[in-house]
Amino acid sequence: MADESTRQVRKDAFTEAEELGLWLASLRSLLSPKNQPGTAREEPTERDYRCETLVLREGLFRCLQLTSDLTAEFGSRRRAAATADLSPAPDAPAQPGLDAVSLDRLGESLKGVCALSDAALAAGVVGFDAWNELGGALRRALDESEAPRALTTEARDWSAGPAAGRLATLAENVSPEETAEDLRRIFDGFAHLLGLLAYAETSLASDAPLKPLLSVFALIHEQTRDLLGFIELVSRGGPADEVVRDALDGTAYAVHMELRKTFEQELEGFCSAANPAHTFSRAESACGLLRNCFQQSVVAVAQSLDSSVEGHDLFDSFTTRLDESLKLRSALWSLIHFVRDAEERASHAIAPVVAEGLYAFRDGSLRYLMYKDREPFEKFLEEVETARGASELSGALHRLRAFLETLFGQVNMRAALVNHPFDPNELGHNFS
């Protein structure tokens, strides 16, 4: 179970109305096969949508829970106001369409879609026609209710983060006004996407089921493509400043490549993964790739407007990520040389010394790696520990070194290190 502090973080970060709006939008995005990971090479009419139907069903259950909670909350407010003979506070007006009645009707409609999903799952294979029928039922439930439209009004202003003021000022100084407005829209678009990723990352930090995040990733995929199309349109329109135009072109290319890598590689098979550890690894990697890409994109466009802007000026996590990446790169470099020396002198006597060095890295800088990279290291460590004789130990160390060298190359390509080229003089034997 997640501890109370973790649950409180989720509660504080997303109100129930915001979360319900997010899930309803996510489920709508999930309905389109083009928004789902790893489907670009598949024929939509020939797929089995059983896994996606299970995700849809889980998402619907969460929406029903949130709808019920909000309905009860509105009812409590109404009863309290009636008892005290009070009117709603002038600074907290009720949103038209967002009340107990509309939410109750929405809940009833969603229950009908749940029943359809249960029937589809009971049939075994969920074909394209059955999936389309589910999609049509959900779209009608959302389109016929006023609550989903009202929830979009309740949605948080994702652009109101700590970087909002600095970015708004940068955009305001651009001429003509049309270009300034385009840049504000681009910054707001990335802020919104980072907000969606923040929700996904709260699930990673808790004990919440992860497969339902498929619908959130589908929404991120759809909205990233929309933003990418807008960036390309603005770039083709030819901003007067060549530096800005080049930054937009570079951003569009980078976002396109990272989006493709995330959804065609990292998240491929996410829905059908049987091992919870693999599901976590894929989700964590996808969040990390997209977060870094979106933040770096904001920084690149901001720097085209003001070259003095630094990543840490806009995102607090930039400083943390840089510090962690520098420590990790140095520790990996040291460990590679340590393992290489041990490989050349492999013997039964040196095995405890090797294990001690690997333990130091595991208990120190290993935490700066993603789960998908931590797990292989643990397996290599076990292989070294169980090696019998110098020959087996040497072979295990050789495979470990090859893995660490590949890992070092990947870490050295992190966006956080782009302005920090590697200095070979960092060599040492500090693995923590």
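This is a chat about a predicted model of one protein chain.

Colleague: Before we start, what should I know about the model?

Modeller: It's a predicted model, so local features need pLDDT of at least 70 and side-chain atom pairs count only at pLDDT 80 or more, while totals for chains, interfaces and linings use all residues. Residues are numbered from 1 along each chain as its sequence is written, and side-chain values use heavy atoms, with hydrogens and water left out.

Colleague: OK. How many helices and strands does the chain have?

Modeller: The protein chain has 16 helices and zero strands. Those are DSSP runs numbered from the N terminus: H or I of at least four residues for helices, E of at least two for strands.

Colleague: And how much of the chain is buried?

Modeller: Buried residues are 45% of the 432 residues. Buried means under 20% relative accessible area, exposed is over 50%, and partly exposed is in between (1.4 Å probe, protein chains only).

Colleague: Which residues touch the most other members in the largest nonpolar core?

Modeller: That core has 89 residues, and the ones touching the most other members are Leu-138, Phe-190, Phe-217, Ile-220, Phe-294 and Leu-314. Helix 8 supplies the largest share of this core, 12 residues. A nonpolar core here is a set of buried Ala, Val, Leu, Ile, Met, Phe, Trp, Tyr and Cys residues joined through side-chain atoms within 4.5 Å.

Colleague: What is Ile-220 in contact with?

Modeller: Leaving aside neighbours within four places in sequence, Ile-220 is in contact with Leu-193, Leu-196, Leu-197, Leu-290 and Phe-294. Contact means heavy atoms within 4.5 Å.

Colleague: Switching to pockets: how much space lies in the largest pocket?

Modeller: About 1200 Å³. Of its 37 lining residues, Gly-288, Leu-289, Asn-292, Met-370 and Arg-414 are the closest to the centre.

Colleague: What counts as a pocket and its lining?

Modeller: On a 1 Å grid over the protein atoms alone, a pocket is an open set of points where a 1.4 Å probe fits, with protein on both sides within 12 Å along at least five of seven lines; lining residues have an atom within 4 Å of a point. Grid points are joined across faces, edges and corners, and the volume is the space filled by probe spheres set on the points.

Colleague: Which helix gives the most to that lining?

Modeller: Helix 11, with 12 residues. By class, the lining has 14 nonpolar, 10 polar and 13 charged residues. Ala, Val, Leu, Ile, Met, Phe, Trp, Tyr, Cys and Pro count as nonpolar, Asp, Glu, Lys and Arg as charged, and the others, Gly among them, as polar.

Colleague: What about Glu-343, buried or exposed?

Modeller: Glu-343 is buried, with a relative accessible area of 17%. Glu-343 is in helix 13 and touches Ser-394, Leu-397, His-398 and Arg-401, not counting residues up to four places away in sequence.

Colleague: Last one: what span does helix 10 reach?

Modeller: Helix 10 has 25 residues and reaches 34 Å from its first C-alpha to its last, close to the 36 Å expected at 1.5 Å a residue. The expected span is 1.5 Å times one less than the number of residues. What covers the buried residues of helix 10 includes helix 8, helix 9, helix 11 and helix 15.
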